[in-house]
Amino acid sequence: MILIAIISLGGIGAVGAILLYATSKKFEIHEDPRIARVQEVLPGANCGGCGFPGCSGFANACVNAENLDNLLCPVGGSAVMEKVAIILEKEASKTDPTVAVVRCNGTCEARPKTNQYNGVSSCAIASMLYGGETGCSYGCLGFGDCEAACDFDAIHINPETRLPEVIEDKCTSCGACVKACPKNIIELRKKGPKSRRIFVSCVNKEKGGVARKACTNACIGCGKCEKECAFGAITIENNLAYIDPVKCRLCRKCVVVCPTMAIHELNFPPRKEKDTEPAVKPQKKPEPIETTTPENK
Amino acid sequence: MLRTFRIGGIHPPENKLSARKKIVRLPIPKQVIIPLSQHIGAPAQAIVKKGDLVKAGTLIAKAGGFVSANIHSSVSGKINKVDTTIDASGYKRAAIFIDVDGDEWEESIDRSDELIKDCFLSAKEIIDKIAAAGIVGLGGATFPTQVKLTPPPGNKAEILIINAVECEPYLTSDHILMLEKGKEILVGVTLLMKAIDVKKAVIGIENNKPDAIKQMQTLAASFPGIEIMPLKVQYPQGGEKQLIDAVIRKQVKSGALPISAGTVVQNVGTAFAVYEAVQKNKPLFERIVTVTGKQLANPSNFLVRVGTPIKELIEAAGGVPENTGKIIGGGPMMGKALINADVPMSKGSSGILLLTKEESIRKPVQNCIRCAKCVNVCPMGLNPTLLMNATEFQNWDLAEANYIVDCIECGSCSYTCPANRPLLDYIRLGKGKVTGIIRARKS
């Protein structure tokens with residue numbers, strides 16, 4: 001009796017095993033083994049900054065793409081893309097690392113409140129209702145949608161200024177905060193050599209007087225920086241200056257001439273004494289930053 | 001048994017402080033600021049320039065598209081500038097500034113009070129006159145009236161519904177208009193009936209206005225085809241779809257227009273504006289505005305020129321009380337807080353409400369206790385708490401599948417929530433997002 005049971009059960013098991021093996025062979029999904037290998041070198045943050053659904057989606061796209069020109073993992077940057085390129089035996093495109101930059105410096109002192117908002121603490125909701133608690137309807141609302149959107153703990157609202165601040169080392173430039181900001185204040189900018197960069201920290205498109213009245217730190221579109229720039233990196237459109245990060249040679253002359261201190265410099269060494277005065281004559285360049293920077297005049 | 005709409009609804013305290021206060025003509029201010037976007041649709045295009053002389057009733061901006069409306073000067077004087085102004089929401093909008101000089105009207109306007117009952121114009125001529133006069137829905141949505149009167153081909157209205165519900169608490173402008181201008185309104189209704197070729201019109205009035213119901217019933221006896229229907233007090237009965245349900249017991253499908261239920265709905269104020277435009281050649285440049293609030297010295301109903309700064313209205317009603325927390329443009333349920341009192345009133349301003357500090361503060365938000373009160377009161381039969389969560393977690397598919405775009409933003413859910421959850425704030429955001437997604441998908 002025991003023998004019959006063993007044989008019949010064993011038989012059923014054997015038949016089942018054969019069936020399972022056959023179906024798994026027949027319906028096998030052929031996945032390129034490189035996808036798994038690419039995914040291994042990716043950061044695994046699944047932030048979606050690359051534009052694909054998670055890291056596996058990106059790995060799949062990399063394997064299937066003809067070349068890697070338009071593919072970039074913003075979190076891993078060039079380093080990761082090179083590893084991907086080695087696995088796939090393709091050429092990785094060189095890209096400059098970028099970082100999120102907050103283009104508003106309307107601190108509490110510079111931009112006094114004109115009204116009080118007491119609704120839901122969300123920038124998206126507040127901006128749909130009205131222009132914000134201050135006279136500047138372009139500036140930061142300070143409710144921290146960017147902070148909530150960041151998966152990397154890299155952007156925080158400073159409780160004193162009520163403005164977001166980016167922690168550069170943590171920022172992966174995934175662009176989540178850029179999408180979350182209803183005022184389009186945050187920009188992904190070239191990180192620059194030694195993380196040095198210069199940008200206009202304002203997005204106010206009002207005429208000078210109106211902008212200044214709302215915020216003493218606003219760009220008033222006066223054009224001084226545009227004239228000062230020897231490299232044609234600064235353009236003024238709609239009463240607002242913009243510094244092209246590709247053309248900018250980081251000479252810092254625009255920073256000094258800006259009457260409202262709307263142009264910010266980051267991670268530069270402190271200036272020599274006379275640099276704090278408005279530049280009347282061209283100053284000496286404060287230590288060479290890029291070897292390609294030409295001496296002007 | 002009085003009728004009302006069948007799904008949801010609330011009954012907030014009425015607080016009609018300015019009820020039966022006679023209409024007072026507000027003095028003309030020194031300068032008016034006339035926004036170019038006072039209606040739903042494309043902004044009007046300015047056709048005047050700095051230094052031009054205008055009279056009250058002069059066309060100063062032409063409709064900028066099919067869904068748009070003409071804008072006329074509300075005063076006589078000189079154009080100061082065509083520029084931008086900060087509107088009630090703090091954003092920049094195009095506007096025409098006019099320095100007032102005297103009060104001269106266009107010669108074509110009949111300024112007498114005499115009632116002109118007969119009209120020999122064709123339907124098309126009436127609609128053209130309404131379009132030329134820049135009339136928009138005066139209930140608050142400011143949809144251009146001529147567009148509503150020109151239904152898409154293949155549709156034919158059978159009944160005209162006039163919205164005299166005024167379900168918003170505090171507001172009384174429609175009420176006083178019916179008491180003082182009843183006959184004119186009825187002539188206006190007759191004109192609208194002719195314009196859309198219907199034989200029957202129903203004026204729906206909530207029965208918290210018994211004097212208006214009685215007066216309109218007496219007057220309507222000499223106007224064939226017009227019926228006055230008293231309705232049970234229930235917010236938001238003034239919503240188009242709610243009123244249609246209350247009056248003719250038909251429900252308008254999701255995304256469909258009232259014409260699909262064989263009806264066109266117009267506000268009672270619009271009917272009066274139509275009368276003035278067609279019979280008196282007077283474009284829409286003034287309207288009745290309720291200025292009210294519990295602390296306000298003298299809550300009133302003013303006849304105000306479009307473009308008058310709101311502070312002048314408050315001044316005329318006794319000035320801003322000390323303990324004012326918010327100034328609301330519109331009623332307490334659907335109105336919006338203004339960022340300052342210098343903003344001008346527009347065609348759609350039905351009321352100015354001054355709330356005290358205690359009234360205006362929002363209570364702390366607590367967790368949802370899943371009591372489903374919001375589901376019970378939603379007049380569109382939606383699930384507000386689900387829609388709020390869907391928006392919070394950016395689940396747009398879920399929001400769309402649960403008809404977020406059908407929300408009429410009446411605020412009944414937020415009003416009734418025992419946990420003070422900001423339901424409408426989120427739903428409004430989600431509605432905007434989903435509308436954008438649907439539009440992108442179509443194009």
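Predicted model: local features only at pLDDT ≥ 70, side-chain atom pairs only at ≥ 80, totals over all residues.

Residues are numbered from 1 along each chain as its sequence is written, and chains are lettered from A and ligands numbered from 1 in the order in which they are written.

**Stop 1: a helix in chain A.** Select residues 54-64 of chain A, helix H3. Helices are DSSP runs of H or I, at least four residues, numbered from the N terminus. Its buried residues are A:Cys55, A:Phe58, A:Ala59, A:Cys62 and A:Val63. Buried means 20 or more other C-beta atoms within 10 Å of the residue's own, with C-beta atoms placed from the backbone. Look down the axis of H3(A): the buried residues fall within an arc of 135°, so they line one face of the helix. The arc is that of the directions from the helix axis to the C-beta atoms.

**Stop 2: where the chains touch.** Show both chains. 13 residues of chain B are in contact with 13 residues of chain A. Contact means C-beta atoms, placed from the backbone, within 7 Å. Select helix H14 (residues 423-442) of chain B, which gives the most to chain B's side, with five residues.

**Stop 3: a cysteine.** Select B:Cys413, in helix H13 (residues 412-416) of chain B. B:Cys413 is buried, because 28 other C-beta atoms lie within 10 Å. Beyond its neighbours within four places in sequence, B:Cys413 is in contact with residues including B:Cys374, B:Cys378 and B:Leu423. Finish at B:Leu382: 31 residues from B:Cys413 in sequence, 10.0 Å away in space, C-alpha to C-alpha.

Methods: Helix = DSSP H or I, 4+ residues; strand = E, 2+ residues; numbered from the N terminus. Buried ≥ 20, exposed ≤ 12 C-beta atoms within 10 Å, placed from the backbone. Contact = placed C-beta atoms within 7 Å.
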